[in-house]
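Dear colleague,

Please find below the structure for your review. I should be grateful if you would read the notes that follow with the model open beside them.

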Amino acid sequence: MGGVRGIVLDSSVLLPSADDEVIGDAGLCSGAEFLLRKLRYSSIPIGISHEQGLSSSKECLLKEVAKTYLCTIFCLLPQDDISSEVSRIWEGKDGRLIHVVSWCREDLSQKKNGSHVLKVIVGSAEREASSNSGYAVTAEMLSISINKLQELPLLVCSMNIKAAGEEAMAVGYVMKPSREEDFAKRGSFPLCPTQNGLIFLPLNYDLPISSQLQLVDAILHKATDEILAVDMTSPSELSDKVTFTRNLQELQRYVECQTDCCIIDPFNNIFPILDRMKIQQILMGLETLNTDGRCRIRAPSFFKVDSFDDPNLEQRLAEAKLRLPSIVKPQVACGVSDAHSMAIVFKVDHYKDLNVPLPAVVQEYVDHSSLIYKFYALGGKVFHAVKKSIPNSDTLMNLAAEKGLKPLHFDSLKSLPVSKEQLNVDNHKLDLELVKDAADWLRRALDLTIFGFDVVIQEGSGDHVIVDVNYLPSFKEVPDDTAIPAFWDALKEKIVSRKNQKEETS
């Protein structure tokens, strides 16, 4: 039995009957929008079927849905063979076709289709659905029931795992919708096997997590998307300073019990990324990579401040070998709304007026010809892109002089004051091998599979300065045909490595 060759959603599971819940103004059944979002970039052909005689308003809605979610419309007659109709458009596909219908239309049947079409009946809460958490489907089965439409990805994942054989590995993933879509539309999360045998399953907090984890070999998460609060003033361990959403806390509890599941990456490993002070301290270890006769790679000079009214602030600047201007960043690096609220300060007596969350990190401002090198480490592979950055300090001071050299406040995600000059990469000579050595060093120091970091090259000295580190970046500057296979390889290598380690210790 092959995997899933395509999915056709009958209008009965998309358009509500009188008793169904309607979501907003969309006019779709409960769970339909969720499912369509998950299937849109799944690399499995998706269709919508309906019978002739549908009202014009419903037909228009289905056409709009099909356009939005990249579906094919099939208008079927009772005597039509759905498999033949689909084959005319979706050519060259092996495996089974899934036809999803509502329980109230389970008698809907076109011409007898045979075992290559599996009818999935979406039942009401009172209806007995498949009790097998693995959604086991045999070649002889012509139909299977599920309680909720949102369960369909689990069924598809289960069928594709079985069809792909022992080499297949399933990766459950969870992150905020906007980030998920950014990854998915690049083809990162297919529900059918990748070239190296990975199958991606979107985890759903509205379904029992335990049954979903039974299907997957690994969990890819962006836990920083689910932070409610970070209290850097607490004397507790960093892991206790972070409050996650109830959903992520539930996932953490199940993961602790599911010892066979590989976490990419362990929650404890991402905590240093949340703390700019901790990251600065880790980056100081880069000095071990420096040798005579080549550029240095280093962290910027820095110190922590708990109050901008500190009377010894000027002395502390001198002790840290910091000159003005300096850049001030919240100690919390991500996960909360004001983590990217920063300021560039030109005069010591202006620190007291800063609107930057405390505690904060005062960091060296490095003149770097308005160029920043964004590096992405995907497993053992390292990629980079060059982007415009903040102008040199003399340019900033000339701009700020018009306003009495008052601090320049900005949000680094939204209003970064980048240079208007054209990029000129000839201004610096990037030592790529040095930065790749630093990427390897960081991978070992942080024990992360996929991370990013920003490098600026200091004018005059040529020092390569790492000014930021982040977890699971989008690496959108790297072409998809290069980045996505490297992303899959990084995940596969991590899963295999984890399994080998467990076998060696058992």
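Predicted model: local features only at pLDDT ≥ 70, side-chain atom pairs only at ≥ 80, totals over all residues.

Helix H5

Helix H5 comprises 13 residues, 152–164. Buried residues of H5 include Leu152, Pro153, Leu154, Leu155 and Val156, together with Cys157, Ser158, Met159 and Asn160. After H5 comes glycine 165, which has a positive phi, near 90°.

Nonpolar cores

The largest nonpolar core contains 124 residues, and the members that touch the most others are Ile7, Leu9, Leu152 and Phe487. Helix H15 (residues 480–505) is the greatest contributor to this core, giving eight residues. Another core, of 15 residues, lies apart from it; Phe303, Leu322, Tyr351 and Val356 are among its members.

Leaving aside residues up to four places away in sequence, leucine 152 touches Ile7, Leu9, Leu35, Leu39, Ile98, Val100, Val120 and Ile146.

Salt bridges

The model has 23 salt bridges.

Arginine 88 and glutamate 85 are joined through their side chains, at 2.9 Å from N to O. Are the two partners buried or exposed? Arginine 88 is exposed, because its relative accessible area of 56% is over the 50% cut-off. Glutamate 85 counts as buried, because its 19% is under the 20% cut-off.

In the salt bridge between glutamate 287 and arginine 296, the closest N and O atoms are 2.8 Å apart. Glutamate 287 is partly exposed, at 39% relative accessible area, and arginine 296 is likewise partly exposed, at 34%. Both residues also take part in a network of salt bridges that links Glu287, Arg296, Arg298, Glu364 and Asp463.

Aspartate 431 and arginine 294 form a salt bridge with an N to O distance of 3.7 Å. This pair connects distant parts of the chain, 137 residues apart. Aspartate 431 is in the loop between strand E20 (408–411) and helix H14 (432–446), while arginine 294 is in the loop between helix H11 (276–283) and strand E13 (297–298). Aspartate 431 is buried, with a relative accessible area of 19%, whereas arginine 294 is partly exposed, at 31%.

With kind regards

Note on methods
Residues numbered from 1 in each chain as written. Heavy atoms only, no water. Helix = DSSP H or I, 4+ residues; strand = E, 2+ residues; numbered from the N terminus. Expected span 1.5 Å × (residues − 1). Buried < 20%, exposed > 50% of the residue type's maximum accessible area, 1.4 Å probe, protein only. Core = buried A, V, L, I, M, F, W, Y, C linked by side-chain atoms within 4.5 Å. Contact = heavy atoms within 4.5 Å. Salt bridge = Lys/Arg side-chain N within 4 Å of Asp/Glu carboxyl O.
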